Amino acid sequence: MLDIKFIRENPKIVQKAVLDKNISVDIKHILKIDKKSRELSFLVQKLREERNSLTESMKGKPTAEQIKKGKILKEKLEKQENALKAVLGELQVYVMEIPNLAKKDVKIGKNGTENEIIKKIGKPTVFNYKPKDHLEIGEKLGIIDVLRAAKISGARFYFLKNEGVLMEFALRELAFEILLKEGFIPILPPVLIKKEVMKGLGYMEKGGDEDMYILEKDNLVLVGTSEQSIVSMHKDEVFDEKDLPKRYVGFSTCFRREAGSYGKDTKGILRSHQFDKIEMVSYVAQGEDDKEHEYLLSLEEKLLQMLEIPYQVVKMCTGDLGFPAARKYDLEAWIPSENKYREVTSTSTTTDFQSRRLNIKYKKQNKTEFVNILNGTAFSTRPIIAILENYQQEDGSVLIPKILQKYLHFEKIIPKK
RNA sequence: GGAGAGGUCGCUUAGUGGUCUAGAGCGGAUGUCUUGAAAACAUCUAAGGAUGAAAGUUCUUCGCGAGUUCGAAUCUCGCCCUCUCCGCCA
């Protein structure tokens, strides 16, 4: 959520930034409603003042005339209050539809095709045979089973088995080991959160709820990422400046309906309704987010480098930035079977966009300010795809990245048949 | 799931229709005294909004929402949460 004061004072900047993100919002209309709400709230305040002083003057022994006066006032006030409430509600809806402004260094662009590749690390793995895709490899190794998953759960689910499971645990060990050393607080968050809280996060508007599993009976929503739990856990809290930055590393299963992605990435475990993810979330002081963003990016790179997987870093252009993000980097790992790079992790700064909405602040001397919130993926299930494909051998076996061997006690996975 | 108790300023709590502009204690900040510290004493001690150059004035917030009333922390209803006991259960 943007600051209404900022919108009021910089309508042109906001209008342009919104357009850069390919979203249309009628700023003029918002300003009109805002003006109206200010007029009404002034009026309401005056009426309340009047009511309060009248009440004060009665002090336990009201005269018939005072009561009559009070009744008239009450009616007037109710009418104006209702009008104000309606206008504020409308204003709220419009303001919530405004996305976060992209940072100045973010390229203006229409969509993903205009994203900037800012870095390439490692060279695409070379094979002297046609590399297989992760599903074929995984099935032969007996570590991925999508057919049986489909039988019991439907499309876009998978069983991970045998060494596949151990590999995921190893990735988790590695990520936690690195991040705990950096001072991150480990956390296992709830994966069901109240619908009302999810709405507060702003993920349910503009069709966002289409991608969520909603449990109507219990009024709960399954998280699409643990970021949703970890970011909202400090809702309505005030940090001491000395406690910032506060960094969490959370592990959770994530649930996504993947509505609107029919027919896309249907093969294997790249895009499924349920997967596991290790997520980093940072709360930092206002203005510290650029530094923190580079830091999170460096950690994500470090993790991929440790796996020795070729990757590139892509900086999203305005048109491809998410709603709350002011800047976003995707790390894309080389996927031999597709002969291209695919997103495995990403990191975003939401500046004070989420904190304003969730009312998360910090005390700076005797002032309070909104914190800056950032998030980034450490690992998800996707790096397993990159490992299987880049480490595959002609005989169908898959070597284990060196760094993971100390957690796994085996160096290679051999086909089961 | 059943029965009961409760949610008030950072913490502990007082408050059961108008004197609440929410009191007290603790904790915290500043000052006086002191070589310094402690103690004592004094003052201050939430968030957000409107207005104003500022001082100030004022509005909202006593878990959340609705209602009753001229007037609600206080009464009514709904919801959320916490605690105790019982039941169930990794």
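Q: Which residues does D145 touch, leaving out those up to four places away in sequence?
A: D145 touches Y158, F159 and K161. Keep in mind that this is a predicted model.

Q: Where does D145 sit?
A: In strand β2, which covers residues 144-145.

Q: What separation do the C-alpha atoms of D145 and G268 have?
A: They're separated by 8.8 Å, and the two residues are 123 apart along the chain.

Q: OK, switching to the sheet with β8. What's the strand order there?
A: The order is β8-β14-β15, an open sheet of 3 strands with mixed pairing. β8 (238-240) and β15 (367-370) are the edge strands, each pairing on one side only.

Q: How much are neighbouring strands turned against each other?
A: By 35° on average in this sheet, ignoring direction.

Q: In what sense do β8 and β14 pair?
A: Parallel, over 3 bridges, with β14 running through residues 361-364. Within that region, F239 stands opposite Y362 of β14.

Q: Last one, helix α12: how many of its residues are buried?
A: 9 of 9, so by the burial cut-off of 20 or more other C-beta atoms within 10 Å, α12 (residues 382-390) is mostly covered. Among the buried residues are R382, E389 and N390, along with I384, I385 and L388.

Definitions and conventions
Residues are numbered from 1 along each chain as its sequence is written. Chains are lettered from A and ligands numbered from 1 in the order in which they are written. This is a predicted model: local features need pLDDT of at least 70, side-chain atom pairs count only at pLDDT 80 or more; totals for chains, interfaces and linings use all residues. Two strands pair if DSSP finds at least two bridges between them. Helices (H or I, at least four residues) and strands (E, at least two) are DSSP runs, numbered from the N terminus. Axes are lines fitted to C-alpha atoms, for helices over the stretch in contact, and angles run from 0 to 180 degrees between N-to-C directions. Two residues are in contact if their C-beta atoms, placed from the backbone, lie within 7 Å. A residue is buried if 20 or more other C-beta atoms lie within 10 Å of its own, exposed if 12 or fewer, and partly exposed in between; C-beta atoms are placed from the backbone.
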